[in-house]
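Please walk through this structure one part at a time, keeping the model in view as you read.

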Amino acid sequence: MSEPRVLRIPDMALVVLVGASGSGKSTFARTHFAPTQVLSSDAFRAMVADDENDQSATTAAFEALHVVAGKRLAAGRITVVDATSVQREARVPLVALAREHDVLPVAIVLDVPEAVCRQRNEARTDRTFGPHVIRRQRGELHRSLRALAKEGFRRVHVLRSVEEVDAARIEIEPLLNDRRTETGPFDVIGDVHGCRGELEDLLTTLGYDLVRDEEGRAVGAHHPAGRRAVFVGDLVDRGPDTPGVLRLVMGMVAGGDALCVCGNHEQKLVRALSGRTVQVTHGLAESLSQLSGQSEEFRAAVREFCDGLVSHYVLDGGRLVVAHAGLPERFHRRASGRVRSLALYGDTTGETDEYGLPVRYPWANDYRGAATVLYGHTPTPQVEWVNGTMCLDTGVVFGGKLTALRYPEREVVAVVAQQVWYEPKRPLAPPPAARAPARAPDVLDIADVTGKRMIATAHHGTITVRAEQAAAALEVMSRFAVDPRWLLYLPPTMAPTATSTRDGLLEHPAEAFAGFRAAGVPLVVCEEKHMGSRAVVLVCRDDAVGAQRFGMPGPGTVVTRTGRPFFPPALTAQLLERVLAAVTAAGLWDELDTGWLLLDAELLPWSAKAGGLIRDQYAAVGAAAGAALSASGAALAAAAARGIDVADLMAGMTARAAGATAFREAYRRYCWPTDGLAGVQLAPFQVLAAEGATFHTRAHDWHLAVADRLHEAGTELFRRTASLVVDTTDEASVAAGTTWWEDLTGAGGEGMVVKPLANLTREGRRLVQPGVKVRGPEYLRLIYGPEYAAPANLERLRGRGLGVKRALALREYALGLEALERLAAGEPLWRVHECVFAVLALESEPVDPRL
Amino acid sequence: MLTTTAEPATDLGYLLHKHPDRAQAFPVAAGTAHVFYPRADQEECTAALLLDVDPVALVKGGATTGFTLGQYVNDRPYVAGSLLAVALGSVFSSAMKGRCAARPELAARLIPLSVRIPTLPCRDGRELVERLFTPLGWRVVADPVPLDPQFPGWGDSRYLDTTLTGEMRLADALSHLYVLLPVLDGSKHYWVGQDEVDKLLRAGAGWLAAHPERTLISRRYLAHQRPYVRTALERLADADDTDVAELDDALAEPVVTAVPERPEPLAVQRRHSVLGVLKELGARRVLDLGCGNGALLRELIADRELTEIVGIDVSASAIEAAARALQLDRMAERQRERITLRQSALTYTDQTLAGYDAAVLMEVIEHVDESRLPALEHAVFAAARPAAVVVTTPNVEHNVRFDSLEAGRMRHSDHRFEWTRAQFREWSEAVAARHGYTVGFRPVGPDDPDVGPPTQLAVFEREQAPEGGR
């Protein structure tokens, strides 16, 4: 028995077993790997040809095997290929496959004696080939052995006997970049470029204690709270004291106080220090001359340090990635020459700018990953979040700043440069991207919204949007809605109360109160419905806020429930001016510590938005009914006068005529002429969001109090929403609520909405409906038609089903909240837009629109 | 209400097969039809047909495809549209066929008739009613019903209180109504099947083939179901000794940009201009951004020089319509491989659109809000970045040359803007400068010395990437 032999396999590797037929590859694979990790050529032959020895199926089998291996590697799963792989031609595509997915190819060679192979094959009835085949395969294997590393296998393990094979043990090693177990907190520091003084300042500002040697040189730094620094690379070149920076950072790394990834300047410095020919440009000359004044020993240590720097780190359970030039998501925690090159140099468009410098590809615009990516490499005057990434290179060596980001606090800390240490080739500002009309980070991609989408929400689990729903929403969103940067929320649909069985009524408060009581909600608030149109109002304190926060210079928007503007731009601006005045007068900017406010409201009159609908639909029906029924009445009267028995018919016509008259009365109530903004009113009832805050856990009486203050500050524009708190467990209170509704609707009012007073409410793990509407009987004529209240009609209408509508209301509610919470957390636009778009998409669901 | 003054007027009861002194009720598809006589004496006799529509049943039994409120709150119970026509056909079926056992000579006679329809729905106004009924020998009086007397500013509704008078056979009068009520209404409420074609031909026997508006009547009666229209037209053409092509000509797809006069030539010229530009550019792989129902795609496919054609539209139904119109499912494989149709929106970037020789935006930008144009600009010129971009858009200056276009009105109700030549030039040049393109302009259609051409076209060409620095 030989010594146990440990074969180290890097995580996510593509493991290629190499050995003649009968060398024991399948047994080896079975022993050391899970069955699903092993892709065997025999199994694939069987899959495509029903016979694992059918050599004519070999090409098809390997095609299929490569496809499956590719899917596994794309998902980052260790994959073992069990085929003879003794020929170079068989191995080349596997190495290429590993590279394509940026994982390391590993070869394990099973070199057992020919006799053993032959014996094993003879024991099998299905292997018919002769011993010459094994002899040939072993010959090919031996010729291959030396070439494996050259072919691109990053590790080659050769097991030379049956004993070695049996004694082998596999150990999966994490990759060097995999530091997911380290959770911080971290201080991630941008490009230093030899600016030792600024680095010492910054570390001190961040709370580190500098450690100095007897000569007073900083040789380390330690944070009393155990924080660790993470350097994004480019410690060296251009600046005044590259050796000093290296001494400090090397000390910190050695002491466990810091991590450092490799920058392109370190890479080049290593080559220069190793005596390779490099162009001494971009500040390398400064480093080399400064280092020449250091000891040989120090230079060697520098070379070793820089040479050992890895391309990127994945930290904090995968939630944080640090790479010098940033890194697209598919390369996180991967290892390949390409990954290293992207991490160090970034991607370029292949073009050069007017200064002759390569134009860098704005990879962060496309970034849609969940991990925060922090990087440097490209000096920018001001740090900013772009889709969850931030460039921390603020050009300290060019006289800018040295910047750090506290993680997970996401707090930016910076010290300004003591002087311009190096003249930039290209001015620091503005970056070329700024010339583009659309603000780059806010560019939305079609892939952000189309196809089947699964959206994880905090309050209602994962919500699925079907591809055809998204397709329907795409047209509305792109042809009619306002700019997505302004469209931060769309209101959810609302279910009506359970159907009433009372005489002459389809809806009544009793069912609404009982419903909430059953859901364990004692206190509810009844809010008057104004029969306006649902409106979402975004108002900014000034245009600068709009430009800065949303990338949209302007005062805000007022949009309908499908995101269309209510008014043309000039009128919207006027309206917002009045909203702004009221918000300012009510003192809400300071109270909510914000420069913008998102309000949920009703906009009146209904005819302001729905003028066309009212005329084409409601008034037209009224006109047709009026004309037809009066002609019918006259004809019937004449017939009756002739003594013909049309009494029943006349009674029916009279009832229908009454219904038609009531119908006309019903819509007329909600129409009044507006001229510009004269006559337009807003009835806000909920504060949706402000900078860094959402308000759906604040009770509705708080929201209504804010609305009342707006009403007081701008009585002409803002209409009050009457409300009443009802205790659903108290009969008297329920009766009072019912009376209140009867008073509202007796005068023809639209009705009311009943909501849990506490706002966001759960029953166990399930969300409770955020509100149900209880509509008045006259208003319902507009929904169900002039003659809905006839007993026979009402009886049939009571069969309406509410389940789909209720489920939809909850899904849309959760998506709306998700949009607001992402907005408040400062997440990128596409993350907010995804939810807003999903609300619109769900609205295309075919649900009875009368509910 | 149908009145005759042919003495003895009460003979109308025989003709209609309904007794003048009784009120009768007949179940019909939409509810109950009642027939009674408000007046019946020697001089004058009036029969009234009152259709009592059951609105709830109308919804439940109706098509369940369109889920809009309009399905529930609608005018069907009150108007003389297709439902009334169906009731007419079923209650007076013998009369409509001209059968009358009791008074056969009367059924064959021209008698003075007057028909009152208190709510005749017709979006196209009185003029269409006249165009349809006058050639058949009717005198037409039609007064619009106001929308709402309380809001006089809203104007008139689409309903006409209509009275038709004329001398004709009762059977003919009924068949005119049976066919023309739904035609005027324009919205049929039951599925059009093959038997509808037969019904139309039967009811229109003897008058439809010679009617000057026969194409419009067939098309609207059959609710724009093209295959059926074609069948009906072929058979009509047979009956009228006409070439079917002549009849079918009127069926060309309505052009989206409804330039009032001679819309087709301009649309055709525009497509030819675009094709010409693509040829000059030597483009092989082409994007048609905003392809609509595929009018340009059809010509692109015909051009064998093009190796790859991608049609993009924001409307999923337009993409479906284009696929149908181009008969993609029947195309030979080699042809089929050249063309891709996909839904996408130009207000979002779309990585799959990168790397093409040319992109065409034909009559597209004016359908995008001006505030969203920067997003479109970014998606096309920065993200997709084809070697060339061809843009056409109306020249608003030319609008004064369209007599039927009201001053200040745009050419299409969905146009968000229409630019002058200077405005288009300014936008185009700014876009070209921002994204490294050069731009040139060309007229499409007659280049009027004062107001320019009806359509303006810009060709953007990407500048060669500057030589890399050292």
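In chain A, five strands form an open sheet in the order β25-β36-β33-β26-β32, and their pairing is mixed. The model is a predicted one. At the edges of the sheet stand β25 (495-496) and β32 (723-727) of chain A; each has a single partner strand, so one side of each is left without a neighbour in the sheet. Strands of a sheet pair through backbone hydrogen bonds, either parallel or antiparallel. Strand β26 (residues 523-529) of chain A runs antiparallel to β32(A), and 5 bridges join the two. In one of these pairs, L523(A) has D727(A) of β32(A) as its bridge partner. Helix α24(A) packs on the sheet and touches β26, β32, β33 (751-756) and β36 (772-775) of chain A. The direction of α24(A) makes about 150° with that of β32(A).

Helix α24 (residues 731-746) of chain A also meets helix α17 (residues 509-518) of chain A: their axes come within 10 Å and cross at roughly 140°. The crossing of α17(A) and α24(A) is right-handed. On the α17(A) side the contact is made by P509(A), A510(A) and F513(A), and on the α24(A) side by V734(A), G737(A), T738(A) and W741(A). Sorted by class, the contact of α17(A) with α24(A) holds 5 nonpolar residues, 2 polar ones and no charged ones.

Some backbone details of chain A come next. Most residues other than glycine have a negative phi, and most peptide bonds are trans. M12(A) has a positive phi, near 65°, and is not a glycine. This residue lies in the loop between β1 (5-10) and β2 (14-18) of chain A. Is M12(A) buried or exposed? M12(A) is buried, because 24 other C-beta atoms lie within 10 Å, and 20 or more are enough to count as buried. N759(A), in the loop between β33 and β34 (762-763) of chain A, also has a positive phi, near 75°. N759(A) has 19 C-beta neighbours inside 10 Å and therefore counts as partly exposed.

Two peptide bonds of chain A are cis. The bond from G184(A) to P185(A) has omega near 0°, and P185(A) sits in the loop between β8 (178-179) and β9 (186-189) of chain A. The bond from L604(A) to P605(A) is cis with omega near -5°; P605(A) is in the loop between β29 (596-604) and α21 (606-641) of chain A.

Chain B contains 17 helices and 14 strands. Of its 470 residues, 46% count as buried. Among the contacts in chain B with a separation of 6 or more, 69% are between residues 24 or more positions apart. Helix α7 (residues 170-185) and helix α9 (residues 214-221) of chain B pack with their axes 8 Å apart, at an angle of about 75°. These two helices, α7(B) and α9(B), are therefore roughly perpendicular to each other. V179(B), P182(B) and V183(B) of α7(B) meet I217(B), R220(B) and Y221(B) of α9(B). The contact of α7(B) with α9(B) has 5 nonpolar residues, no polar ones and 1 charged one.

Where the chains touch, 61 residues of chain B are in contact with 55 residues of chain A. Elements that give two or more residues to this side of chain B include β3 (31-40), β7 (156-168) and α16 (373-384) of chain B. The residues on the side of chain B that touches chain A comprise 31 nonpolar, 17 polar and 13 charged.

Note on methods. Residues numbered from 1 in each chain as written. Chains lettered and ligands numbered in written order. Predicted model: local features only at pLDDT ≥ 70, side-chain atom pairs only at ≥ 80, totals over all residues. Contact = placed C-beta atoms within 7 Å. Helix = DSSP H or I, 4+ residues; strand = E, 2+ residues; numbered from the N terminus. Nonpolar A, V, L, I, M, F, W, Y, C, P; charged D, E, K, R; others polar. Axes fitted to C-alpha atoms, helices over the stretch in contact; angles between N-to-C directions. Left-handed = near helix turned anticlockwise from the far one by under 90°. Buried ≥ 20, exposed ≤ 12 C-beta atoms within 10 Å, placed from the backbone. Parallel < 35°, antiparallel > 145°, perpendicular 65-115°, else oblique. Pairing = 2+ DSSP bridges.
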